[in-house]
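Subject: Structure handover

Hello,

Here is the structure I said I would pass on. My notes on what was found follow below it.

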Amino acid sequence: MRFTDTPELASWRGVVRAFVAENWKPGGPHDELAMHGPNAAAYEEITDKTQNWLDKLAANSWIAPAWPKKYGGADMSVLEQFVLNQELHEAGAPTSRPMMNLVGPTVMLHGTDDQKAEHLPPLLRGEVRWCQGFSEPGSGSDLASLQTRAVRDGDDYVINGQKIWTSGAHRAQWMFMMARTDPSAPKHRGISYLLVPMTAPGITVRPLMNMADGHSFNEVFFEDVRVPVRNRIGEENRGWYVGATTLDFERSNISRAIHSRKSVAKLARFTRDRAAARHPVSAAHRMEIVDRAIETAVVEQLSFVIVSMQAAGGVPNKEASMCKMFGSELAQRIALTEMHVTGMSGQLRESSLVKSHGLNPTMAYLSVIPQTIAAGSSEIQRNIIATRGLGLPRG
Ligand SMILES: Cc1cc2nc3c(=O)[nH]c(=O)nc-3n(C[C@H](O)[C@H](O)[C@H](O)COP(=O)(O)OP(=O)(O)OC[C@H]3O[C@@H](n4cnc5c(N)ncnc54)[C@H](O)[C@@H]3O)c2cc1C
């Protein structure tokens, strides 16, 4: 394992860095939101600035760098992709549209030629937004128990049911979803994977505000929604296995590690400036910052472990769970430390001292809470590490 760039990767990093310096100007609403987490800006309205930037990425085939060239990607290796992601996240620049790394590979591997022709090019141009209709009020961690029904009627499916926590549904043109097509089959075997236009009659999207008063996810209701059978991906009742598709995207989660490092650096600068202004923070809080810095180094190393494994042809499993769990819990600890260190003044919306250091502790804290739930809760990640990683018996 080596953590320094090879000459080829160093030269590639130089190319990306020069591109970013020339084309991405920091500042504006995207940066404000990015303060709350690596993905906080993902579901906002796309500004001209962001769209222009995505157009430039698309022109280089960098929106889906790992996709095969024949589908419009850049055929990038895991390490090249990692370097690209690292540099974009270091600069705070958007990388692509949410969900494309989920729906794109699924269409590529299981879609018909018509489905590929319809859906892949707009994804690659960053033109279309998708949302993921998997979770339901009674089915999250145990997703295979989902109850939304799709009943065949001639050339259509008729869908009835409800999805929840659907990120970006209020801005999406399409949803990829799983619905139950055979209620009598064992739960993993009666599910089909469907592509649904969000404009289909019978779909209602209701906002769910998160605890930071932001609107990123929704409830989505289906009432006799008709979707052509040709919108099904893969075979009927095999949707569970279609949904499990991944390509060899790098899974290092480096964005989270970089975001944590930047947050700790801001906090350290704030603390130094406070000391210089004869307002030192307490010794206990200094120690807390040190702990966060060490933990940030750990999560960055976990990202490196994952990308190294992938580059060597391995498939990270417990490692990805460790990185997700530790990184999302760390984000909460960092936000808590920000609140401790900034104290009462950190709770003021317009505290100039805190703001001038790019800190917004209360918002940051409220915004990071969902990270330990989304994409597999900490308990589920711990279960994976216990069983697949340590061979422990199921609890
Ligand atoms: C910010 C955010 C964005 C999201 N975006 C989307 C989206 O776009 N599309 C989508 O489909 N879903 C989305 N989700 C939903 C997410 O996938 C689910 O919230 C998650 O899978 C947990 O499911 P649940 O909420 O039903 O909780 P439950 O599964 O009911 O879990 C409740 C609690 O029980 C624990 N638990 C459950 N099972 C076990 C077990 N076997 N062992 C130990 N503990 C267990 C959990 O860890 C949790 O603490 C999003 C969630 C969040 C927070």
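Helix H10 passes helix H13 in a left-handed crossing. Please keep in mind that this is a predicted model. H10 covers residues 318-342 and H13 covers residues 378-389. Their axes are 9 Å apart, and the packing angle is about 150°. Since angles over 145 degrees count as roughly antiparallel, H10 and H13 are therefore roughly antiparallel to each other. On the H10 side, the residues in the contact are Lys318, Ser321, Met322, Lys324, Met325, Ser328 and Glu329. They meet Ser378, Gln381, Arg382, Ile384, Ile385 and Gly389 of H13. Sorted by class, the contact of H10 with H13 has four nonpolar, five polar and four charged residues.

The next two pairs both involve H9.

Helix H8 (residues 254-276) packs against helix H9 (residues 283-311) at an angle of about 160°, and the axes of H8 and H9 are 9 Å apart. H8 and H9 are therefore roughly antiparallel to each other. Here too the crossing of H8 past H9 is left-handed. H8 contributes Ile254, Ala257, Ser260, Arg261, Val264, Leu267 and Thr271 to the contact, while H9 contributes Ile289, Arg292, Ala293, Thr296, Val299, Glu300 and Ser303. Seven nonpolar, four polar and three charged residues make up the contact of H8 with H9.

H9 also packs with helix H4 (residues 78-91), where the axes come within 9 Å and cross at roughly 150°. H4 and H9 are therefore roughly antiparallel to each other. From H4, Val78, Leu79, Phe82 and Gln86 meet Phe304, Val307, Gln310 and Ala311 of H9. By class, the contact of H4 with H9 has six nonpolar and two polar residues, with no charged ones.

Then there is the ligand. Which residues come nearest to it? Of the 17 residues around the ligand, they are Ser135, Ser141, Trp165, Ser377 and Glu379. The side chain of Ser141 has an N or O atom 2.6 Å from an oxygen atom of the ligand. A polar side-chain atom of Glu379 likewise lies 2.6 Å from a ligand oxygen atom. For Gln132 the backbone is involved: one of its backbone N or O atoms lies 2.8 Å from a nitrogen atom of the ligand.

Regards

Definitions and conventions. Residues numbered from 1 in each chain as written. Predicted model: local features only at pLDDT ≥ 70, side-chain atom pairs only at ≥ 80, totals over all residues. Heavy atoms only, no water. Axes fitted to C-alpha atoms, helices over the stretch in contact; angles between N-to-C directions. Helix = DSSP H or I, 4+ residues; strand = E, 2+ residues; numbered from the N terminus. Parallel < 35°, antiparallel > 145°, perpendicular 65-115°, else oblique. Left-handed = near helix turned anticlockwise from the far one by under 90°. Contact = heavy atoms within 4.5 Å. Nonpolar A, V, L, I, M, F, W, Y, C, P; charged D, E, K, R; others polar. Near = heavy atom within 4 Å. Polar contact = N/O pair within 3.5 Å; in protein donor to acceptor, adjacent residues only side chain to side chain.
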